[in-house]
Each structure stands twice: as structure tokens, then as C-alpha cells.
2 protein chains.
Amino acid sequence: MKKYQRLAQQIISQIELGVWQPGDKLPSLREQVVSSGMSFMTVGHAYQMLESQGRIVARPQSGYYVAARPTGQQPMPPAQVMRDEAVDINTYIFDVLQASRDPSVVPFASAFPDPRLFPLQQLNRSLANVSKTATAMSVIENLPPGNVDLRHAIARRYAQQGMNISPDEIVITAGALEALNLSLQAVTEPGDWVIVENPCFYGALQALERLKLKALSVATDVHEGIDLNALAQALNDYPVKACWLMTNGQNPLGFTLSADKKAQLVALLTQHNVTLIEDDVYSELYYGREKPLPAKAWDRADMTLHCSSFSKCLVAGFRIGWVAAGKHARRIQQLQLMSTLSTSSPMQLALVDYLATKRYDAHLRRLRRTLAERKQQAWQALLRHMPAEVKIHHSDSGYFLWLELPAPLDAGELSAQALAHHISIAPGKMFSTSDTWTPFFRFNTSWAWGEREEQAVAQLAAIIYGMLTHHNAYLPAP
Amino acid sequence: MKKYQRLAQQIISQIELGVWQPGDKLPSLREQVVSSGMSFMTVGHAYQMLESQGRIVARPQSGYYVAARPTGQQPMPPAQVMRDEAVDINTYIFDVLQASRDPSVVPFASAFPDPRLFPLQQLNRSLANVSKTATAMSVIENLPPGNVDLRHAIARRYAQQGMNISPDEIVITAGALEALNLSLQAVTEPGDWVIVENPCFYGALQALERLKLKALSVATDVHEGIDLNALAQALNDYPVKACWLMTNGQNPLGFTLSADKKAQLVALLTQHNVTLIEDDVYSELYYGREKPLPAKAWDRADMTLHCSSFSKCLVAGFRIGWVAAGKHARRIQQLQLMSTLSTSSPMQLALVDYLATKRYDAHLRRLRRTLAERKQQAWQALLRHMPAEVKIHHSDSGYFLWLELPAPLDAGELSAQALAHHISIAPGKMFSTSDTWTPFFRFNTSWAWGEREEQAVAQLAAIIYGMLTHHNAYLPAP
């Protein structure tokens, strides 16, 4: 193959790989000469050949552009990316999450609230302010433990609830997820036992798997939360290192532990010298009169790492969370410096700017009201459409409902059928290593209720009716 | 204790913890009533008591403010944060890095180039543009694998070097550090053997420790790079899973592997079916005529995960890097969704905006020229001041020099003494698990050379003279 043919072939490969898309301007002859080290002549030949094949088009006074794709020709599938993956819980969760990104899918599976509920305009204003004030040195000032003003602002919100948390024990992280992962890593070694709820946030199961930890799943009631007797039993029977759980607006169930139960939980864990990793990302989304306290408020022995973020209540895209880590703050910073180094400096500064406007609490009040209204609407719609056999578990915070199909119907099957109709739900098996929750699914109620949502619920109901009929056809008559 | 006394005590604790700083406005009586649930009377009593103790001051028509600290009273040290840490290599690295953040320290230890060399104004303009165009849904569009336009822009830079990398195999990460960590995790299990250079970027050693991997450190020459015979031996003798190394402008030594050596390296690893994790964050900082290729350019078997970032050559604070992960792209995304979820959306959008201005290459040319000039200046200064016994190893890229004290002088001791004079250096033991590099240190040459830098080098030299004298005093006369 001649040099110019090789170059032409290379450009064709790049077009097929998607490096250059139809309509993209290709490097000029001059640029191509510089980057390829080939002669002007060779590059010219290659471009002429591509032009004659209809792969690229020359536009006078402008340059060479990738031609529109010939009808019938499909872009090469990115085969090298997708092969060789065993199907496991992570792949399953990944697929459900990826499907939720498709804008044509009605995202009842989403873990995030409708991003249109966030104060985009004010946040963009803060971003614009940062673009005027950021200096070359801000990057150094915002390294772990993170921006000092942001840590102060967070400490003050704790103080509003009567909690004394020093800014020095707060570490800013890439969302609560990094805070939780670093916390777990700070207090465990591979092979250690860790207690989680059943069902629990799937991120906990994934973190345990990633860090080669052993999970003890403790029975957790839809309304009452974790079974303290079962927890005590587990703490007696196993050398447990940590307990990861959610105390407010638990994901996926939605309950908030009572103050009494939080106190008992902390006492029990302290007695067994077990660290509590408290995932508290939904605490701002309460429906009651006042913000519930985290379990950490009862902790007098510095046994709790309290993790939270702004992602569910203010802005998801900034990826800013934190951990109030007590004596583990230094270790957490070390682990962060080793893995992601730091969160981005402009994002921290933009949050400092936004929080200084004092609009946050007014936003939160509005957000809570809207989420409560939308949850009510979604609930009504589900009641209208769902077969009577479907049980809807309500909860008094956040934007999830927990739905229960009549056994032995499988919410995983419902999920698969629903996706074919461009509707996503989050089936129970995402939240557990056991089969306990196979007939359950989590339903995101944060979306503005319209025709599309109503039809999607009707479609979900139709699929469930179909599953019921199919199932009953194989049952002996009662 | 009465209710109002308890509240007063709590506010005193918060002041001592640093939640409220001298001059800060405290919550108003009304706000305090709402957040504490106490009566107006109780809160009023508490504030009066604090005022009478001189802890807070009332300003008419404005509210209550934290009083200036009484002379002689020190803020309480954050005792709960700093205790209980064994001294190990990570703690050591952490301390050196933390010391470098202090603006009073001359940061010759820094791993980053002088941030004043980055195009702050243009980047801020891009940030301002994003603040006008970001939508509520951008967060979803920028989830892993990351913004599609950014992945295209990166694929095109590969194409400029003649490499065919599909945007579909690129995953955007929180800097190269997350890319490297996720790559290592994707291809190893705890207990596996991994090859690193000796000396190597300390992040590699930390990642291995964090993931419970076993390190094989292969001898690496200051100018020629990794010893391929030693590498072949290691590959024969151990069941190696991965090899993490730097091919261009290696940290800390500065060498760039020759094209031949890169080809041989890839052939050797492919033959043993060992994944190459290529850390290539300095490739834009070459001094030669053209940008060196990564080893991945010779890889025909999809055995290389190529990791890089914008942090060393465009902007450190955004925390945006990537990995060209080939067949591992999906697994990397899964691991990212589990640990940090995603990089921040406005940061990705700001980079897309900046790269679309086509200013990047002009900036890089300017940056390379400045870094080369400054390295030359620093080198001259070192030659002027350092004892003849100190060897300065030059390299043809980047912004590091690698200095060698006469044995048995310990650069760790030099580092400790230098820090007392507010000068930081990066001693050799940060880069190795062995004692090989005890007399060496890395010196960052990216700073504008002025009186402060000149004096710091003179001071460093004076300390070394002192160490030599002290050492020689205990030696038998020759």
C-alpha cells in the first residue's frame, strides 16, 4: 500500500470510528502535513482519493469536510467496547441506569429528582461570578479538605440543628458517593464484615463488592426501618467493622427513623465499637415541620462518619458532597489525594457564592412543597391505573414510592417489558443481594405530571395486568 | 443547667470549634428560636449572657456578632482530627504535599506547574459561557462516559498523531489520577502482581497499597528509562497482571522513552498478556520538534489503557482527565458510577467551550517555551549555588529536575531542614518502596525566577553544605 493510500485508509478508519462525524471539518492539508510528517503531495493525493470516493467534500475557500453518510450505511458499532462482560448485579444496575439516560425513556427509575427543580438561573449566576473572581491560585486553596468557606457554611447548617461539627473535620468530596466510599475504605480492610440494610442503596452493595468486604444484610421494614433486634444479633455473632445505613428518607423505602430509634442505633453500635457510616443525602427533603436530625447527633464517642451532598436538593451536576468525619478526617483526605486528588475548584467556589446569597433555604422550602405535591399526583395516578393487587407503600419524605407486585410476579420482568415501551423503573433486586425484594420496585415521583407520565403509568399497569393473566393461566383454579 | 445556659454553652462550643469566627453574624433571635425550638425568652437570655461575657456583641439594627478573640486566647486545636495516625509513606507524602499548600513556602516540591501559566482569562470566559448555556438536563448528558463533544475533541487530538481512537472507548474522569486508579482496578484483583518503575510516580505506589496489590519495582535509568531485560525477567518469574508506567516525561526522572523502546515494551507486554496502564500526563510538555507518541500507538492487541488529563498543561482545578480504555471502557464506567458517579458537568462543558476556540495549541506552544526557559533559569541558579558534589540530572521535557546528593546524605533530612526555612522539595523516598533513591530529590522548575527563588536555592545549598560538614566531621580522615 502506498503512503497516500495508507493515510486515506487511516482517515476512513477515523470516520468509521466516529472521530470525524459527517459535516466535520477535517484538518487542512497544511495541518495534515505537519501532523503526519508526510509530504504535501502525499496528503493531497490522499484527500483527492477520499473526495473521489465520496468520503469527503471540498468546500472552496474553506477546506475539506466529512461527507454525509451514504444511505443504508450504518456507523460501525463500537464492538471493541462492549464485549467480554459477565452479567452480574453491577452490569444489571449499570444497564438500568444507562437506559434512564435516554431522553426518550420516561425515567421512573431515576435516582435523581427532576433537575428542572433546581435553581439553574441562580447557580449559573454563581458560576458567572466565579468566572470573574477565580484566580490562578484558587486550585491550591481548594485542595483537600476543600474550600474553607464551603466547610464553614456546612458547619453552620449543622449548628442550625444544634450540632457542633468543626469545619476541620469536614472533607469536601465528589458527591456523597465518594464520601461514602472513602469512609468505608478508611475503616475497613478486605474481608471485613459490614452491615447494610435489606433493601439498601445499591451503591453500598457495589462499594462492598469493590472493596472485597463481606455484607451482612439486616432485615429492614418498609415503615419502621432496620430491625434493631436483628442488628443486635448480627453484632453479637460477627466481628463487624462498620454499619452503612440511611436514617432519613431511606433509599429505596423512604422511611425516616424515629429519634428514639436513632438513639438506640447509636448506643448499640457504640457498645460494639462499630463505626456508623451514615448516608444522609435526603435529609433536606423531609415533609414534616422540621428537618430530622442525623444519628450522628446522638453520637458522643466519635463513631459516626456523616456523609451528605448538594446533589439531591440543590444541584446534581456540580458533584459536591462532604463527610463530617471526626477523627477520620485526615485519613479520608489521604485516601482522596490518592484516588481523585480533589473536587474541582470552580464548583466549590460556585457553591460558596450561591450559599452566600441566602437563597438556599427559600429554594429548599419550594422544592419540598413541589416534591410533596408531585408525589401526591403520582400516587393518585398509580391508584387510578394499577391493579388492586399492586400495593403502594407511601412514605413521608423524598420522591420515591415503593411498589409491591403480587407474588410471585417479578419486577425485573416488568422492568424489561417496560423498557421495551421506553419506561424505566428500578426493580427490587437492584437493592439487595437476596431474593426478598423480587416483586418490588422503586418509582421516582419527582417529574411534572403530564400526559406522557399518565400514559406511561397506564402502560405499566397494562403490562402488570398481562403478567397477572399469564401467571393465572398457569395456576390451578382456586 | 438551665435551658438558656445550655444554648449559650452550645454557641460557645461552636465558636471554639470555628463554626463561627470572630466578626461572623450569628443567627438572629428569630432564626435561633426556629432552629432550636426554644422560646424567644430563653434565646434572649442566652444571647444576653454571651454578651455580658464578652463572647458576642450586639450591633443596633443589625444583629449579634462573634466578638474578637480576647488577647492571649488561642483557638482550640482541632484535636479530634489529627490523632491516631501511624507514620507511613502515605502520611509522609501527605505531609510534604500539605506543606506545599502553605503560601509562605517556596514550593519546589509541587507536582503541578505554576498555575499562573494557565490561560485563566480564556478559561474563565468559557466558564461564563457555560453559565449562559447550561441547561437543567446537562447533568444527564454528561454522565459517564462523559460529554460526547469532549470525547470527540480528545479523539481528534489522538487522530492528529495518527492514532485511531474511537470516542466510544474514551471515558472522562476526575483527572488522570482517577483514570489510572479505575484502570488498575479494572484489570486486577487484590493480591495480584503489578510492575511499576523504580522510581515512579508515588500515586502508583499509593494505588497499589490501596487496592492490596503487590508491587514489582523494575530498575529505571535516569535517562534511558525502564530496564527491558529486568522487565523481561520479572515477566518470566512472576504472574504479572499489569504494568503501570510513564513513557513521556516520566515523573520524577523526566526521561522520554525512545520510539524503539516503546515498541519493544509493548511487544514484551503483549507476549506475556500483561495490560499496560500508561500514565501520559506530561506528553504535551515536550521540548523537541514534535509531540512524542504514547506506547499505545504501537499496541495492536488492545492491551493498553492510555490515561491523561488537562491538569498539567491547561487547567489543574477543573479536575478533568480521561482514559482511552479500549475493551475495558464499559468496566471503567461501571467502576466510576460506583465510586464518584461522574465528573462535574459544568467543568466538562467549559472545556468543550475552550477547546472549540482553537486556542489550545497556541497556548501549549507558549507554555512549552516558558517552561523550557524557566527550567534553564532554575538549572543555572542551581549550578551557581549548589556544592560541586550535588549532581543535577537534566531532562528534555517538563518542569522537573532530579538532583542527587552525595551518598550517604539523605534528601529526607534536607527536606525536613528546608521546610523549617519554608522551602519544600520532593525527596526520593516519596517515589520508591526501596532505599535506592534516598539521596535524590525532585525539584519543580516551573516558577518565575526571582529573588525569592534565588534565595531559597542559596538556602538549600547552605543546608547541604552544613550536612556535608557535619557528615565529614564524623568520617575518618582519608
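**Helix contact and sheet order in a predicted model**

Trainee: At what angle do the axes of H11 and H12 of chain B cross?

Mentor: This is a predicted model, in which local features need pLDDT of at least 70, side-chain atom pairs count only at pLDDT 80 or more, and totals for chains, interfaces and linings use all residues. Residues are numbered from 1 along each chain as its sequence is written, chains are lettered from A and ligands numbered from 1 in written order, and side-chain values use heavy atoms, without hydrogens and water. Helices (H or I, at least four residues) and strands (E, at least two) are DSSP runs numbered from the N terminus. The axes (lines fitted to C-alpha atoms, for helices over the stretch in contact; angles from 0 to 180 degrees between N-to-C directions) of H11 (residues 228-237) and H12 (residues 259-271) of chain B come within 11 Å and cross at roughly 5°.

Trainee: Is H11(B) roughly parallel or roughly antiparallel to H12(B)?

Mentor: Angles under 35 degrees count as roughly parallel and over 145 as roughly antiparallel. The crossing is at roughly 5°. H11(B) and H12(B) are therefore roughly parallel.

Trainee: Which residues of H11(B) make the contact?

Mentor: Contact means heavy atoms within 4.5 Å. H12(B) contributes B:Lys261, B:Gln264, B:Leu265, B:Leu268 and B:Leu269. From H11(B) come B:Leu228, B:Leu231, B:Ala232 and B:Leu235.

Trainee: Which strands of chain A stand at the edges of the sheet?

Mentor: Strands pair if DSSP finds at least two bridges between them. The open sheet of 8 strands has the order E4-E11-E10-E9-E8-E5-E6-E7 (chain A), with mixed pairing. Each edge strand has a single partner, so one side is left without a neighbour in the sheet: these are E4 (170-173) and E7 (225-226) of chain A.

Note on methods. Angles under 35 degrees count as roughly parallel, over 145 as roughly antiparallel, 65 to 115 as roughly perpendicular and the rest as oblique.
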